[in-house]
Amino acid sequence: NFGSVTRAQTEAHVKGLPPTNLLELMPAINLTIGNDQDAIAEELSVPYKFGSYAVIVSPQRSKTGYPLLLSAPQMGHGDPSVVHEVAIDCPTIKVAGIDVPGVPIVAIGHTPWMAWGLTSGVADIEDVFYSMLVDAETYKYGNEDRKLIKIQRSIKVKGGDPVTVEVLRTHHGPVILNSRVGKCVYSVQSSFWGRELNGIAALIDLYGAKDARAVETAITRVPVTFNFFYATTRGEYGYRYAGLVPLRTKGYDPRFPTPSGPNTDWTGYVTSSQMPHTESTKSGILANWNNKPASWWPNLDTPVWGSPFRNEVLLRAIPDGKLGRFDLERAAWEIARRETDTSSTFLDGFISANAGGANGPLSRYLVSFGGWNVDGSTGAVIYDEAVNQLRTELFKPSVGTFIQPAIFEQVIQPAMIKKALAGKTKYDFLNGRKMNDVLATALKGAMSTLASSLGDDPSAWSFRPGSINVRGQKPIPYINRGTYIQIIELSPNPVGRSVASPGVSESGPHASDQADLARAWIYKPMWRIKPD
């Protein structure tokens, strides 16, 4: 379905791109990164992150013989909370879980017959197209002239008058850059645009699903890409990579803007039967933390996937043998305290390369760290900065920093660092040096940088794991957890436990009534809904 792009095709694609200078590109890059949007969303206590982890335990691996589901959507933390816990129990709908304010569905939860969870799919479902301009209001689509679509929007301003803004669109989607130098516009096409309500309707259909077949029928209609996990009271369980993934015209590299024209349009979408899915597993475990849905699935222009990835930490936290609900609670507790950005891939190398010797103070800090990002750890601070220095040491001299440090870190993922360090890239990023020498240089740079900012005494360097702010209370430590966490056992009458910190109302007694639960990693019973 996806094919591959040769180097010659990429070079021809890049050569054909219109000229655009850096000053023009920066606003579009910032818009794409979305830092400003995320900051506003966080301030307004609406979802501003899109991670999540989920685990299914089969009846064969369960201590009770019933399937288990752990689902922890990571949408950020706010006060008030960014999600609501809800339960609907009426003759036509029986469901309990969470909704996102403004979206009229229970997005994650359970019914009397099944439970489900979601993680973000991270699929490449958007492309940037460039369209050459005929004049200020007209663009080219192949040999056809088309008018830019202009939409007037009135934006209400708190404490001020409304502001009217004009949004430009091509038939592909919203314009993110109008390039005077290149005499073209760049617009984003999304596979789910105009189909959003189909996803809501599909999730509502889940509420009546009583077996795996009905669940699969509903979820294949979801247009936005999710990793979907489900289990039923019949003992069925499964996973599906849902969403509309476009099929591109061959010969163009999806990492770069595509010329607009009939010969470069998307040719369709991956069919539901070809999307990654399974209804069983030899291990009895299905788990995901936004990692690839299958080994053969392509990265396309998604740089984050690679051999070191945080799902390794999740899998290591799940004990061997038979599992119960409390084993999954323990796993959620553990991964919140683990180093997940690199899965500690470079830790042994730093210890080995330490010029101070295996028994020196620096090595002892790193050995005692052991991959645990616990509050107060010196080793965690050293390791984190050493990875930053390693990225810079290997790549900055050759490729620069890609305009911004955030982009540099996004592009140079741990998998790329690992390959370059091992000398497995076509270009010699080691620059003739030995691996241990580069590791030692990075570690030395980390120590120097930390001493400049934190003082000369490493014992005073203290890791802080991030926290959830709560009005009128101390912050809740360890932010790397679900905005909402549910653990459900699919017995004949499903039993669930959950926590949604700090609470689930805008104000009043329920605005922060789960903060103490979250602080102590305690879960409460979920609303029990029984069939009629």
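This is a predicted model: local features need pLDDT of at least 70, side-chain atom pairs count only at pLDDT 80 or more; totals for chains, interfaces and linings use all residues.
Which residues of S6 point one way, and which the other way? Met-114, Trp-116, Leu-118 and Ser-120 take one direction, while Ala-115, Gly-117 and Thr-119 take the other. All are buried.

Strand S6 spans 114–120. Seven of its seven residues are buried, so S6 is largely enclosed by the rest of the structure. S6 belongs to an open sheet of seven strands, ordered S3-S4-S5-S6-S14-S15-S19. The pairing is antiparallel. Strand S3 (84–89) and strand S19 (277–278) are the edges, and each pairs on one side only.

Strands of a sheet pair through backbone hydrogen bonds, either parallel or antiparallel.

| Strand pair | Sense | Bridges |
|---|---|---|
| S5 (108–110) and S6 | antiparallel | two bridges |
| S6 and S14 | antiparallel | seven bridges |
| S14 (226–232) and S15 (237–242) | antiparallel | six bridges |

His-110 has Ala-115 in S6 as its bridge partner. Thr-119 is partnered by Asn-227 in S14. Ala-231 stands opposite Tyr-237 in S15. S5 and S6 also form a hairpin, with three residues between them.

Helix H5 (residues 212–219) packs on this sheet. H5 touches S6, S14 and S15, and its direction makes about 160° with that of S14.

**The cores**

In soluble globular proteins, nonpolar side chains tend to be buried together. Here the largest nonpolar core has 50 residues. Trp-116, Leu-206 and Phe-228 touch the most other members. Elements giving two or more residues to this core include S6, H5, S14 and S15, along with helix H4 (196–206).

What does Phe-228 contact, leaving aside its neighbours within four places in sequence? Its contacts include Trp-116, Gly-117 and Leu-118. Leu-206, Val-215 and Ile-219 are also in contact with Phe-228. Gly-238, Tyr-239 and Arg-240 complete the list.

A second, separate core holds 32 residues. Among them are Phe-369, Phe-408, Ile-412 and Ala-442.

**Aromatic rings**

The structure holds 13 aromatic pairs. Ring pairs link Tyr-241, Trp-296 and Trp-297 into a cluster. Elsewhere, a charge meets a ring: the charged end of Arg-337 sits over the ring of Tyr-478, 4.1 Å from its centre.

Methods: Residues are numbered from 1 along each chain as its sequence is written. Side-chain values use heavy atoms; hydrogens and water are left out. Two strands pair if DSSP finds at least two bridges between them. Helices (H or I, at least four residues) and strands (E, at least two) are DSSP runs, numbered from the N terminus. Contact means heavy atoms within 4.5 Å. Axes are lines fitted to C-alpha atoms, for helices over the stretch in contact, and angles run from 0 to 180 degrees between N-to-C directions. Rings of Phe, Tyr and Trp (its six-membered ring) pair if their centres lie within 6.5 Å; planes under 30 degrees apart count as stacked, over 60 as edge-to-face and the rest as tilted. A charge sits over a ring if NZ of Lys or CZ of Arg is within 6 Å of the ring centre and within 35 degrees of the ring normal. Buried means under 20% relative accessible area, exposed over 50%, partly exposed in between (1.4 Å probe, protein chains only). A nonpolar core is a set of buried Ala, Val, Leu, Ile, Met, Phe, Trp, Tyr and Cys residues joined through side-chain atoms within 4.5 Å.
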